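Q: Hi! I'm new to this one, so could you walk me through it in plain words?
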Amino acid sequence: MGTKKHKGRPDLIGEHKIGDAGQAVFAILFLIVYITDSFIFGFSTFFNEIVPNIIRVVAGILVLIVAGYFSMTGMKIVFDEVRDRPEVIRKGVFSIVRHPVYFGEILLYLGLLLFSMSIASAFIWIMTIIFLNYIARYEEKILVDHFGDEYKTYMQEVPMWLPKISGLIKKKIGSKQKIKN
């Protein structure tokens, strides 16, 4: 496998060659299974009878909002801000998780899953997580090769996928203290 470069953007290191295509395939596969199971056949949506609609809908909407925030903010930071040279991005959502766009994608599927509780769709979701983890690990090797210890330090300080609740609380308190001063 090779690395896909972003033409005209020397400030971007690169990504896995099949990353975009793989994400598209998993998105299509998820939607096909999700729609056919949730709205046509319902062969694995029996949890809908256990979990009340209001809980599923509210939880799903909240997860979708968080997914949109991580994905859109991450994309904006990476692609809208042209830097003079490549650098380890540590601001915004990149201070919460190392792969906020992929994390947002994972949450997007989870939000949809909460609406229908489709076990078949959950299986595709798990396969998607495995794929995104593979892509992220590949990209992190590229970043370690390029940035060395700086990226290794970032990896130690910021979790790959699951935000540290204590870190989020400290950031919130720190931002409130900055506002007071």
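A: Happy to! One term to begin with: buried means under 20% relative accessible area, exposed means over 50%, and partly exposed is in between (1.4 Å probe, protein chains only). This is a predicted model, where local features need pLDDT of at least 70 and side-chain atom pairs count only at pLDDT 80 or more, while totals for chains, interfaces and linings use all residues. Residues are numbered from 1 along each chain as its sequence is written, and side-chain values use heavy atoms, with hydrogens and water left out.

Q: Thanks! How many salt bridges does a search of the whole structure find?
A: The search finds 3. A salt bridge here is a side-chain nitrogen of Lys or Arg within 4 Å of a carboxyl oxygen of Asp or Glu.

Q: Which side chain does Glu157 meet in a salt bridge?
A: That of Arg90, at 2.8 Å from N to O. Glu157 sits in helix α5 (residues 149-157) and Arg90 in the loop between α2 and α3 (100-116), so the pair ties together parts 67 residues apart in sequence. Helices are DSSP runs (H or I, at least four residues), as are strands (E, at least two), numbered from the N terminus.

Q: Is Glu157 buried, exposed or partly exposed?
A: Glu157 counts as partly exposed because its relative accessibility is 46%. Arg90 is partly exposed too, at 33%.

Q: And what about Arg98, which side chain does it meet?
A: Arg98 and Glu140 form a salt bridge at 2.5 Å, N to O. This one links distant parts of the chain, with Arg98 in the loop between α2 and α3 and Glu140 in helix α4 (residues 119-147), 42 residues apart. Arg98 is buried at 8% relative accessibility, and Glu140 is buried at 3%.

Q: What about Lys76 and Asp80?
A: Their side chains meet in a salt bridge as well, at 3.9 Å from N to O. They are 4 residues apart in helix α2, so about one helical turn separates them. Both Lys76 and Asp80 are exposed.

Q: New topic: where is Ser44 found?
A: In the loop between α1 (19-41) and α2 (53-80). Ser44 is buried, because its relative accessible area is 7%.

Q: Which residue's side chain makes a polar contact with the side chain of Ser44?
A: Asp37 does, at 2.4 Å. A polar contact is a pair of N or O atoms within 3.5 Å; within protein, one must be able to donate a hydrogen and the other to accept it, and residues adjacent in sequence count only if both atoms are side-chain atoms. The backbone nitrogen of Ala120 also lies 2.9 Å from a polar atom of the Ser44 side chain.
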